[in-house]
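Please brief me on selected packing features of the structure shown below, grouped by topic and with the cut-offs behind each term.

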Amino acid sequence: MLFNSIEFLLFFPLVCICYFLIPHAVRYIFLLVCSYYFYMCWNPKYALLMLTSTIITYLSGLLLEMAEKDPDEKRRTGKKNLFTALSFTSNLLILFFFKYFNFAANTLVRVFSLAGIHLSVPTFDILLPVGISFYTFQALSYTMDVYRREIKAEKNFLRYALFVSFFPQLVAGPIERSKNLLSQLSERHTFDYVRVRMGLTRMLYGMFQKIVLAEYLAIIVNNVYNDYSSYNGFQLMAASICFAFQIYCDFGSYSNIAIGAAQVMGFTLMENFDTPYFSTSVSEFWRRWHISLSTWFRDYLYFPLGGSRKGTLRKHINRMIVFLVSGLWHGASGHFVLWGFLNGLYQVIEDICKPLKKKFFHGKENMLTKLLHMILTFILIDISWVFFRATTSDGIHILKKIFTIKRGWFGGKAAIAGLGMSYPMIIVLLAALCVLFIVDLCRYNKMQLLIWLDQKNFVIRWIVYFALIFAILIFGIYGPTFDASQFIYFQF
Amino acid sequence: MKDKRKDMIFKKSVIKKFFLLIGFLICFCLLFSMVQNILRKKIRGSSDFIHSVYSLDKNTTDVIFIGSSHAYYSISSNELWGEYGIPATVMASSSQAICNSYYLLKDILKYQKPKVVVVETFGAVFSNLYMAESRMRQVLDAMPMSLTKLEAIHNLCKDYSFPHKMTYLFPISLYHSRWQELKPYDFYQKNTYLRGTSLTFEYRDYTAYKPKKNKVKKKDIFPGTVDYLQKLIDITRENDIQLVFYASPVAAYKKSKYKSYYGMNLSMEDFANEHNIPFLFMEKLDDLNFDYEKNFMDSEHVNYFGQKMITEYIAEYLKSNYDLPDRRGDSRYEQYQKDYEKYQITLAEKLAENPDGIYMGRPGQAVVEEDE
């Protein structure tokens, strides 16, 4: 069930009404049923996979807690390591089979064929279960948190199952931590008019981001990228810039809807995006982009690898490992790995150049230098996005065309018209991008727009609500003539 | 005391929030229906009368015509008013099936109390319940939200998926991309003075295609359509309304199409006789001598001259068979008079330009039909 579908438009209010009407004691069971129904709308069979992950990590938590009671330290550590390893191995094996098996098999065949050996490895025509990477990582974080004794193991299986399957953030995050979400599942949430209103406003903004912004940008991106050889340098550059915003709006919108939906019911999910394109460095960008995943890798991969504690070289290697894995997490394909590699490399170079930067700017930055850094960061990130959207060889061709400035690079008005959008649509897109810029600028300057809006009188609030609702209804891309596009991050 | 005050303040705040919520929902519904109506694709462009009918003053129509394009080409409600003082409304749309006519009539009866309903029979010719979804949409999309609309969607869209059904309930999902192509008539009604009918002077010579009916066999009416014909009879009887069927003439240009239409009308004749409903089968009437050279706009639709003949015939029939008072001069029907005056001006201009109509060439040449 997509957030931008008529089914969700009926499902969500119904769930909320029932949630607040039924007794507190059974609410988590009700939410669990709703979450599984939500997930099974894609493919009922894949709910079994999620259930398997849930059972494994639930048991690992109980076993870890039992092992904790063992007085013998050596045995205790051994048991704990074993249970954690079992939980990780079994979960990652499921993930590997469904997401990476074909990729690994093809890579193996290619490597061997380079050496003249022709292998025949069977591939499976399997559909990637929606959100498998998200809920697997969320479940694994629980095992790790119990292992580290940061939380106690959850005894109530149904409550734990809800933690893994909580529908607002189930298929595309934010990847929640047990420390944050699990405890909230036992809390009593009453109907709070202001909180509900703010949650709904956030959801509405998320819908606007998806249905208007992301979908408009997708028209240009799909048009150009699907037949990139027919487009000139300017058009490819425009499409690449559009893709940077498309993926931000697409993914950001999901997070906003998820956080807003959870807020309506009284849950606080972690923030996933914090004005990433205002970053002045790539490392800052990664502190602001997909925060729940970045911090997951930081806590459960970068730190265990030693982080920055084992010297500069090790730090750089660790960072590269994290970003290569992150690339692979995003997709079982070489171009995702290249995308991760580039982002890791940027940060390593940034780190190496830090003393130089300090010397050059004397640690002081004015508005202009800040702006230049933002632009430079955006360019670097956008170059990496090219490999996120296109395959490696296509990406190289696209970048070559963008950076080879020769006659015909721009193409004038015809090039703009050739992007696949009518002029009225371009005007709507630019206006929507202005809204995005204003919202992000406020957030960047620590202005809480939702709270600000909530303090205004109802006339101003209603104007904002109606503006958003009717912008979606009139200008949005939806309905039967529109092939209900999924959120980009569902495939991960 | 303090607690009581607190309690009062809390109650007041809850009541305020409740009324704000209701106010918000009302404003939303009003804005939504306004925007939806603007974005909706208008039937036959600027002469989108079929649904402007909802904005007529209550109970100001004595005769309602429903049916397909055959109806809006063959009837002139202005002539009915101007010559006979009959306030009539034509609620016809392209290839309107009988099932659609039924729900349209059922809905409009909440606003109008006609004495007679005249159903044009082309809608019974289809071998399914309706010809095409696009034609059904012309009837259902603009119908205001009501139980009748829900019933129509429920009964006519049985095979559609849930999201597909929802597009009937909220047509904005289908038409919202029209924001780029809106015309002035999307914002305000235009050309409604024709009151749902067409005024065309074009003609083609169909003399060579004058029908020879003797060899045409009866064609069964689709059973689902028969059910809806029965429903039409029931609803008119329940509301004490006289029901009349009529079939406008066509030229036998496309033989199979003609046979199908004529054969269906033969069955329709039996059905009408069986249920004691008058059926005005125009092609069979000796009083009407259609000129196949100048009375047809295309093979299936008459032009102004054919329309005038049919309108006069039906008006005379209605006047002599039913109690239809002359409403001219009654202030409640002022709009009919205004529309008629406008119609007369247009008519006079057109007739002055082309007193014998506009010759459009032989049959088979490209026909530029009105937007259906």
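Tyr465(A) and Phe24(B) are both buried, where buried means under 20% relative accessible area, exposed over 50% and partly exposed in between, computed with a 1.4 Å probe on protein chains only. This is a predicted model, in which local features need pLDDT of at least 70 and side-chain atom pairs count only at pLDDT 80 or more, whereas totals for chains, interfaces and linings use all residues. Residues are numbered from 1 along each chain as its sequence is written, chains are lettered from A and ligands numbered from 1 in the order in which they are written, and side-chain values use heavy atoms, with hydrogens and water left out.

**Aromatic pairs**

- Over all chains the structure holds 92 aromatic pairs, counted for rings of Phe, Tyr and Trp (its six-membered ring) whose centres lie within 6.5 Å, with planes under 30 degrees apart taken as stacked, over 60 as edge-to-face and the rest as tilted.
- One of these pairs, formed by Tyr465(A) and Phe24(B), is edge-to-face, with 5.9 Å centre to centre and 80° between the planes.
- Because Tyr465(A) lies in helix α19 (residues 458-475) of chain A and Phe24(B) in helix α1 (residues 2-39) of chain B, this pair joins two chains; helices (H or I, at least four residues) and strands (E, at least two) are DSSP runs numbered from the N terminus.
- The ring centres of Tyr262(B) and Phe281(B) are 5.0 Å apart and their planes stand at 40°, so this pair is tilted.
- Tyr262(B) belongs to helix α12 (residues 255-274) of chain B and Phe281(B) to strand β6 (residues 279-281) of chain B, so the pair ties together parts that are 19 residues apart in sequence.
- Both Tyr262(B) and Phe281(B) are buried.

**Charges over rings**

- Arg137(B) lies over the face of Tyr168(B), at 3.9 Å from the ring centre, the criterion being NZ of Lys or CZ of Arg within 6 Å of the ring centre and within 35 degrees of the ring normal.
- Arg195(B) lies over the face of Tyr336(B), at 3.9 Å from the ring centre.

**Helix α7 of chain B**

- In helix α7 (residues 147-156) of chain B, the buried residues are Thr148(B), Lys149(B), Ala152(B), Ile153(B) and Leu156(B).
- Viewed down the axis of α7(B), these buried residues fall within an arc of 135°, so they line one face of the helix; the arc is that of the directions from the helix axis to the C-beta atoms.
- The exposed residues Leu147(B) and His154(B) are carried by the face of α7(B) turned away from its buried side.
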